[in-house]
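Thanks for coming. I have one model to go through this morning, and I will keep it short.

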Amino acid sequence: MAEELEKSMPKEESLMDKIAEKIHDHDSSSSSDSEHEKPESPSALKAKIYRLFGREKPVHKVLGGGLPADVFLWRDKKLSASVLGVATAIWVLFELVEYHFLSLVCHILIFALAAMFLLSNAHAFMNKTPPKIPEIHIKEEHFIMIVSALRNELNQAFVILRSIALGRDLKKFLMVVVGLWIISVVGNWFNFLTLVYICFVLLHTVPMLYEKHEDKVDPVAEKTLKELKKHYMVFDEKVLSKLPIASLKAKLG
């Protein structure tokens, strides 16, 4: 009997050891899993940060990418400075010097044609081959692409205007009215060319400055947007909800 007990005891002990090992392995695996849980990556944290106008792409992509975005963000400083210099020269000619657009185009064409005419005759007089003047052709595909993009934008604008005219969105109606009123006020301050030049200068400065300081601008924009939403909710509760259009819309909805 003692021998049977001695034989059964090691078996029981080995079974208990196996159970203990399994429990230990389970605890160690769970602890290792918790240790291996990595914190959120900086990119994931950055994605949660508020960005102006809810953008998810970099500023370069928002501006369309390519050469125009490079010019506005001063990727090529010489090219950006040249474009801004040409725009400034045009504005000075038309606004300060009071030069007329049609006269400028005609004078440029006269000068270019006269120079090419004299150069061609000079080469012929000296028995040299005439200068190669490149043939300029506007490709149909590029023209169709530009017109198609313009058509899409106009159609989208007409859809928004139609929805506003049908009285479906009071918020958009107020936004459009306020925007048109602001444009009319600004239009009284400047003429059209000066306004275009100011917008052009802003496109050359604001995106570049925002890209450099977006981490500081976005939190301020978030706070401002929250305050505007609070004021709009108060305005909606006290004014808009009492309008007949809003009550009719609520009944139909």
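Predicted model: local features only at pLDDT ≥ 70, side-chain atom pairs only at ≥ 80, totals over all residues.

Start with helix 5, which covers residues 77–96. The residue I picked from it is serine 80. Is serine 80 buried or exposed? Its relative accessibility is 0%, so it counts as buried, the cut-off being under 20%. What does serine 80 touch beyond its neighbours within four places in sequence? The contacts are Asp70, Val71, Trp74 and His204.

Tryptophan 74 sits in the loop that joins helix 4, residues 66–72, to helix 5. Its phi is positive, near 60 degrees, and it is not a glycine. With a relative accessibility of 23%, tryptophan 74 counts as partly exposed.

The loop between helix 5 and helix 6 contains glutamate 98. Here too phi is positive in a residue other than glycine, with a value near 60 degrees. Glutamate 98 has a relative accessibility of 60% and therefore counts as exposed.

That brings us to helix 6, residues 101–125. There are 25 residues in this helix, and from first C-alpha to last it reaches 36 Å. The span expected at 1.5 Å a residue is 36 Å, and the model is close to that.

What lies on the surface here? Phe101, Val105, Leu109 and Leu113 make up a nonpolar patch, and together they have about 420 Å² of accessible area. Phenylalanine 101, which belongs to helix 6, is exposed at 59% relative accessible area.

Last, the annotation. Which residues does UniProt list under "transmembrane region"? The entry, which is unreviewed, gives 79–94, 100–119 and 173–203. In the model, residues 100–119 are 95% helix and 0% strand, with the end C-alpha atoms 29 Å apart. For residues 173–203 the figures are 94% helix and 0% strand, and the end C-alpha atoms are separated by 27 Å.

That is the end of my part, and I can take questions now.

Technical notes:
Residues numbered from 1 in each chain as written. Heavy atoms only, no water. Helix = DSSP H or I, 4+ residues; strand = E, 2+ residues; numbered from the N terminus. Buried < 20%, exposed > 50% of the residue type's maximum accessible area, 1.4 Å probe, protein only. Contact = heavy atoms within 4.5 Å. Patch = residues over 30% accessible without salt bridge, like charges linked within 9 Å, V, L, I, M, F, W, Y side chains within 5 Å. Areas by Shrake-Rupley, 256 points an atom, 1.4 Å probe, with all protein chains shown as cover. Salt bridge = Lys/Arg side-chain N within 4 Å of Asp/Glu carboxyl O. Expected span 1.5 Å × (residues − 1). UniProt positions renumbered as here; feature names shortened; annotations may be inferred.
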